[in-house]
Amino acid sequence: MTTRYALYIAPPAHSELWRFGSAVLGWDAETGADVPQLVPPSADAGAFRALTEDPRRYGFHATMKPPFRLADDRDADALVGALRDFCGGRAAFRLPRLEVRAVDADGNAFLALVEPEPTPALLALERALVTGFDAFRAPLTEDEIARRRPERLSEEERENLMRWGYPGVLSRFRFHLTLTGRAPAAEVPRLLEELSALHAERVSEPGLLVDQIALFVQDRAEDPASRFVVRERVLLV
């Protein structure tokens, strides 16, 4: 049985933003339970369920240290301890109000909540997590490398994949809280408009307070039905 861990920014479980994102996905990674799905008004419920299948597996989050298997000489307790030490020396900060945007990925857009402009404190936090916790990451297998389609990556992304286990880190990092999978191009404008309206209606919070790092865990990672859940939330100072 393969277990994977990830370090994410996840809005506080009591927040409007967490409830909104979890409802769009139809899955609450805090409770580990399905929730009634928030479907855009003009969308077919079954089709939207299928469109959110992949992000639902990961839970509502923004990736900081992408999913990894533990190195042979590390265990989960040591990972939690290191995360507590890390967070104890870092200050919380607030992001500006996030916006629903279409994010292009290999020509196919998905919908996500993003910053209007990059936040320097967030970029520094991502770099520190990616590099500071890499000793906990087991090396990628050949199959894991192949699944990332290295032949389609830029030189920098291939270097990131081999050094840090994921192509979209450091200078390639783009903060986003994913709401859907890749949508047909013709559907993107409608989804963007309707999810933006739902976000405005349901989230009154001025911006995301980054005051914690969430450790997510996925048991039975080889099982397509296996989902990530929150194991621990560690507060920044």
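Predicted model: local features only at pLDDT ≥ 70, side-chain atom pairs only at ≥ 80, totals over all residues.

Biologist: What order do the strands of the open sheet come in?

Modeller: The order is S4-S1-S10-S11, four strands with antiparallel pairing.

Biologist: And which ones are the edge strands?

Modeller: Strand S4 (62–68) and strand S11 (229–235), each of which pairs on one side only. On average, neighbouring strands here are turned by 20° against each other, ignoring direction.

Biologist: How many bridges do S1 and S10 pair over?

Modeller: Five, linking S1 (residues 4–9) to S10 (residues 212–218) in the antiparallel sense. One to look at is leucine 7, whose bridge partner in S10 is leucine 215.

Biologist: Which helix packs on that sheet?

Modeller: H4 (residues 76–88), which touches S1, S4, S10 and S11. The direction of H4 makes about 35° with that of S11.

Biologist: Switching topic: at what angle do H1 and H8 cross?

Modeller: Roughly 145°, with the axes of H1 (residues 16–25) and H8 (residues 188–202) coming within 10 Å. The crossing is right-handed.

Biologist: Which residues make the contact?

Modeller: Glu16, Leu17, Phe20 and Val24 from H1, and Leu195, Leu198, His199 and Arg202 from H8. Those split into five nonpolar, one polar and two charged.

Biologist: Last one: how much space lies in the largest cavity?

Modeller: About 30 Å³. The lining residues include Ile9, Pro11, Leu208 and Asp211. By class, the lining has seven nonpolar, one polar and one charged.

How values were computed. Residues numbered from 1 in each chain as written. Heavy atoms only, no water. 1 Å grid on protein atoms, 1.4 Å probe; cavity = no way out; pocket = protein on both sides within 12 Å on 5 of 7 lines; lining within 4 Å. Points joined across faces, edges and corners; volume = space filled by probe spheres on them. Nonpolar A, V, L, I, M, F, W, Y, C, P; charged D, E, K, R; others polar. Axes fitted to C-alpha atoms, helices over the stretch in contact; angles between N-to-C directions. Helix = DSSP H or I, 4+ residues; strand = E, 2+ residues; numbered from the N terminus. Left-handed = near helix turned anticlockwise from the far one by under 90°. Contact = heavy atoms within 4.5 Å. Pairing = 2+ DSSP bridges.
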